[in-house]
Amino acid sequence: MGVLMSRRQTVERVQKVSLAVSAFKDGLREQPSTRRRAEAGTARQGTLEQEVQEGEEEASAGPSQPEESSASKAAWERLRDGRGVEPEEFDRANRFTPPAFIRPKRELHDDEPPDISLEQREQILNDEMCEICEVWTAESLFPCRICPRVYHDGCLRRMGYLQKDSAVEVTETAHTETGWSCYYCDNLNLLLTEEEMYSLMETLKNCKIIPESCLTLDDFLHYKHQVHKQQFERTMPEVQEEQAALQFNALDPDKKGHIEWQDFLSHESIQLLQKIRPQNALLRLLTPKERERARAAFLALDQDNDGFIGEGECRQARHTWFRKHQKEMLSCNVSISHVGPISEGSPASSRNGKSPEKILPATKQEETRSIDWPGFLRENVAYILAARPNSAALHLQPLA
């Protein structure tokens, strides 16, 4: 997994260099004609006619074109670097320096099956000091439910990662079974390597997706059709289009008619990981906390303690244990690692006040096929990873 550099001294030096480079580029953009004339004079190829033509092109383009291209370029750079949306009006005064992320690199042994024992439990220990300020203040630290990092709510606010809406969510869930994902684990896009991120960016650019924008159902289906046609050189079947529509509904739990950019990006990131990396490589991305949660789920399903469960039970776990709870459930003492079937009358069975989603009964074939612990992990690893973000959206819709 990638490394999160949180040492302020290192990050501040990087930021100073970045600011200097940005200021230099801004200065060059303010004098485009002078820069081009200097380049032309050096190459001894500039002519008066070319300068007049360039001036006419600049006048016809208007003043808004450079600003739009600059904003678009900045958005793509934030996407490449794994950073979130950074609006221009964001006040950096009295705030900590944002962390610098380094994308992970694939190792030679990633494709080999990892040794994850069912019987041997793992000891879960959180860090003792805040990841941001490196100060220990005991119970006032908020732990991440995915990784061992802990944070102060004040530090998260000063970094701009804790706004008014999310502040209540963090304080209510960080110390419960439901838990809260830190800003690193919340971003599934940070699991991609530089090569994988470049591949995703090329796909988004070819499909004319504007970064940091919301997508309607038509936009989402059009994008899925384009991706399928580019990959298979044929039209996407109607069955897959219906599955894409179901995925859109899962990404829009509040029925707003559109999906947020971060939810779309997380969905596409986990989809790309499924396509590119083998399941063994995905298993190596699981943290000790996630592995312990999976152990508890499997042991609860294995009633006879023979080390096997039915396929129907495995599919049921996919629909319940590894999905995130809705916002109205945050005050309930219910965990995504809750073990045992969830009844229709329980708080976890409702979805925005509507009837619970139906889970199809297991077929005879599912009842007869047994799944052991390694198979359970392989079939559920993508859904475990997809459950990391704090968003109420379901980033990977399980197949019915």
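By helix I mean a DSSP run of H or I covering at least four residues, numbered from the N terminus. The model before you is a predicted one.

I begin with the chain as a whole. The protein chain holds 15 helices and eight strands. It has 400 residues, and 40% of them count as buried. Its exposed surface comes to about 22,900 Å², of which carbon and sulfur atoms supply 51%. If we take the contacts between residues at least 6 apart in sequence, 73% join residues at least 24 apart.

Is S266 buried or exposed? Its relative accessibility is 1%, and because buried means under 20%, S266 counts as buried. Setting aside neighbours within four places in sequence, S266 touches L188, P389 and H395. The C-alpha atoms of S266 and L396 are 9.2 Å apart in space, although 130 residues separate the two in sequence.

My last topic is a pair of helices. Helix α12, residues 288-301, and helix α15, residues 373-386, have axes that come within 11 Å and cross at roughly 125°. The angle therefore makes α12 oblique to α15. The crossing of these two helices is right-handed.

Which residues in α12 and α15 meet? On the α12 side they are E290, R291, A294, R295, A297, F298 and L301, and on the α15 side W373, F376, L377, I384 and L385.

Thank you for your attention.

Key:
Residues are numbered from 1 along each chain as its sequence is written. This is a predicted model: local features need pLDDT of at least 70, side-chain atom pairs count only at pLDDT 80 or more; totals for chains, interfaces and linings use all residues. Side-chain values use heavy atoms; hydrogens and water are left out. Axes are lines fitted to C-alpha atoms, for helices over the stretch in contact, and angles run from 0 to 180 degrees between N-to-C directions. Angles under 35 degrees count as roughly parallel, over 145 as roughly antiparallel, 65 to 115 as roughly perpendicular and the rest as oblique. A crossing is left-handed if the near helix is turned anticlockwise from the far one by less than a right angle, and right-handed if clockwise. Contact means heavy atoms within 4.5 Å. Buried means under 20% relative accessible area, exposed over 50%, partly exposed in between (1.4 Å probe, protein chains only). Accessible areas come from the Shrake-Rupley method with a 1.4 Å probe; for residues, only the protein chains shown count as cover.
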